[in-house]
Amino acid sequence: MTRLAERIRSARTADPNGFDRRLVVPMVLGSVLNPINSSMLAVALIPIGRAFGAPPSQTAWLVTGLYLATAVGQPVIGRLVDAFGARRLYLAGTALVGLGGLLGMLAPNLWVLVASRVLLGFGTSAAYPASMSLLRAESDRTGMKSPAGILAMLSISAQVIVVIGPTLGGLLIGAGGWHLIFGVNVPLSVACLVLGALWLPKSAKSARSDTRTDVPGMILFAASLTAFMLFLTDPGVARWYLPVLGAAAGFWFVRRELGVDGPFVDLRVLGGNAPLLTTYGRQLLAYITSYAFLYGYTQWLQEGRGLSASQSGLLLLPMSVVAIAVTALTGRRPQVRGKLVVGAVAQVLGCAALLLLASDSPIWLLVIVGALFGVPQGLIGLANQNALYAQADPARMGSSAGLLRTFTYLGALLASAANAVFFRGGATSAGLHSMAWLLLAIAGLFLIGCLVDRSLRRVGRET
């Protein structure tokens, strides 16, 4: 115990004016909880469906439950981080992750498993806005204008985990069944709790001293978003009331936020920040394509190509390797425009390559497709994160970072809806090709948006 205490004390930064390196490990570990739970499930949907005798229309709720909880939870918890500090929310969220993982391991039926995914969604919503808030506080304390290296580390940990998640999930399923992809959350949660309790500063608060939380605004935001997302999971004329309820709650939300002091989302400030709004739009488009590929391609590999879950996960390793290499090579450069353009071009090429796939496609072609999608995985999330850091109001860094993740998972929900539509009769090659045409159009729109946005030239070049 004495040696452990000495190591903990020695981990403190020698230079009191330098960045506190103790924060990096809990920040990184907490930030990977969400992407690892998002991506590992990609290869588990078929085994879980077989275990519970559930069709794809029901197992899709495992995806929807996590993303809906995350889309709502990220900005809400981010606002609480702004108001009350990062440490409390980080510890509460990571504890909830452990409970969600334990519930998933012991789930007796599919709907309990869905409930565990909802808990995981809310629990994993805390670490990223908490980390961004801590990073801003440390930057203000040390005078570090653009901590590109730390941002790159967060991006590597989150974005790359997304692409190695299916491989890890496939290996876990092969070793002990799908239960292990839920059980892995328990030791991760314990590690986050221990490191967070030891090293996160108790007094860490954002630059904003206002602790009003605008609970009615949060409820209206959640109600509007939930109604729209429930409609998108199964769109149909018979569910017309859901977008109507969403629009009504959204209208009430906007009226309240424009008229209340200390709003949950300061729409006046946000509305005047066109570059940040554009970043949110880019995030939405990029992750529709990213998650539609991640879930659609892995399901096609198993049903359309006839591979096992473990083999499908291993075939995504080239995507992981390319993403890691690209992020490592470009991560310390704060400029974002070149990264976005190259990532957009790679997305277009990857979507076009999906049109070439068939049930007898050779393995080398599958490897190339995965590698192509590794380029945008390594570039786009990193670039948008750097753009947000430069564009967001420092006093609302937590909620702004939470909103970025909200748009990420809005994209994931739309991608899940696309998978459900195109794979309604199974993950066939024809369904994959139809989805590829849609993704090609979305990737093209994303590329055009990156080319015409002049504000991107300034990000990373400011003194």
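**Exercise 1. Compare the span of helix α18 with its expected value, then find which of its residues are buried and what they pack against.**

Step 1. In this predicted model, α18 has 18 residues and covers 26 Å between its first and last C-alpha, close to the 26 Å expected at 1.5 Å a residue.

Step 2. Buried means under 20% relative accessible area. The buried residues of α18 are K339, L340, V341, G343, A344, A346, Q347, G350, C351, A353 and L354.

Step 3. These buried residues pack against α15, α17 (317-330), α19 (363-391) and α21 (429-452).

**Exercise 2. Characterise the largest pocket by its volume, its lining residues and the elements that supply them.**

Step 1. The volume of the largest pocket is about 610 Å³.

Step 2. The pocket is lined by 28 residues, and P56, S57, T59, A60 and A420 are the closest to its centre.

Step 3. Elements giving two or more residues to this lining are α4 (45-52), α5 (56-84), α15 (274-303) and α20 (397-422). The most come from α5, with seven residues.

Step 4. By class, the lining holds 15 nonpolar, eight polar and five charged residues.

Methods:
Residues numbered from 1 in each chain as written. Predicted model: local features only at pLDDT ≥ 70, side-chain atom pairs only at ≥ 80, totals over all residues. Heavy atoms only, no water. 1 Å grid on protein atoms, 1.4 Å probe; cavity = no way out; pocket = protein on both sides within 12 Å on 5 of 7 lines; lining within 4 Å. Points joined across faces, edges and corners; volume = space filled by probe spheres on them. Helix = DSSP H or I, 4+ residues; strand = E, 2+ residues; numbered from the N terminus. Nonpolar A, V, L, I, M, F, W, Y, C, P; charged D, E, K, R; others polar. Expected span 1.5 Å × (residues − 1). Buried < 20%, exposed > 50% of the residue type's maximum accessible area, 1.4 Å probe, protein only. Contact = heavy atoms within 4.5 Å.
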